[in-house]
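Dear colleague,

Please find the structure below, together with an account of what was found in it. I would be grateful if you read the two side by side.

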Amino acid sequence: MVAKSTANDIADDELEPLADETARQAQKVVAAHAEDADECRMLLSMLGIAPA
């Protein structure tokens, strides 16, 4: 299934990186809800917030 493009879409070059604190908070939420370590790593990677 392909997502439809709309006038509200944001181009990749318009995205700003997350603040470190925001990324850490998001990592904690993902880790708390992941089934196991593998799923946690996959989700963090998919969201672009994997630890460096």
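Is Arg 24 buried, partly exposed or exposed? Arg 24 is partly exposed, its relative accessible area being 42%, where buried means under 20%, exposed over 50% and partly exposed in between (1.4 Å probe, protein chains only).

Please note that this is a predicted model, in which local features need pLDDT of at least 70 and side-chain atom pairs count only at pLDDT 80 or more, while totals for chains, interfaces and linings use all residues. Residues are numbered from 1 along each chain as its sequence is written, and side-chain values use heavy atoms, leaving out hydrogens and water.

Salt bridges

The count comes to two salt bridges, each being a side-chain nitrogen of Lys or Arg within 4 Å of a carboxyl oxygen of Asp or Glu. Arg 24 joins Glu 21 in one of them, at 3.7 Å from N to O. Both residues belong to helix H1 (residues 20-33) and stand three residues apart, about one turn of the helix; helices here are DSSP runs (H or I, at least four residues), numbered from the N terminus. Glu 21 is also partly exposed, at 44%.

Asp 38 and Arg 41 form a salt bridge whose closest N and O atoms are 2.4 Å apart. This pair lies in helix H2 (residues 37-47), again three residues apart. Asp 38 is exposed, with a relative accessible area of 53%.

The two helices

The axes of H1 and H2, lines fitted to C-alpha atoms over the stretch in contact, come within 9 Å and cross at roughly 145°, on a scale from 0 to 180 degrees between N-to-C directions. The contact (heavy atoms within 4.5 Å) involves Gln 27, Val 30, Ala 31 and His 33 of H1, and Glu 39, Cys 40, Leu 43, Leu 44 and Leu 47 of H2.

Just after H2, Gly 48 takes a positive phi of about 75°.

With kind regards

Key. Helices (H or I, at least four residues) and strands (E, at least two) are DSSP runs, numbered from the N terminus.
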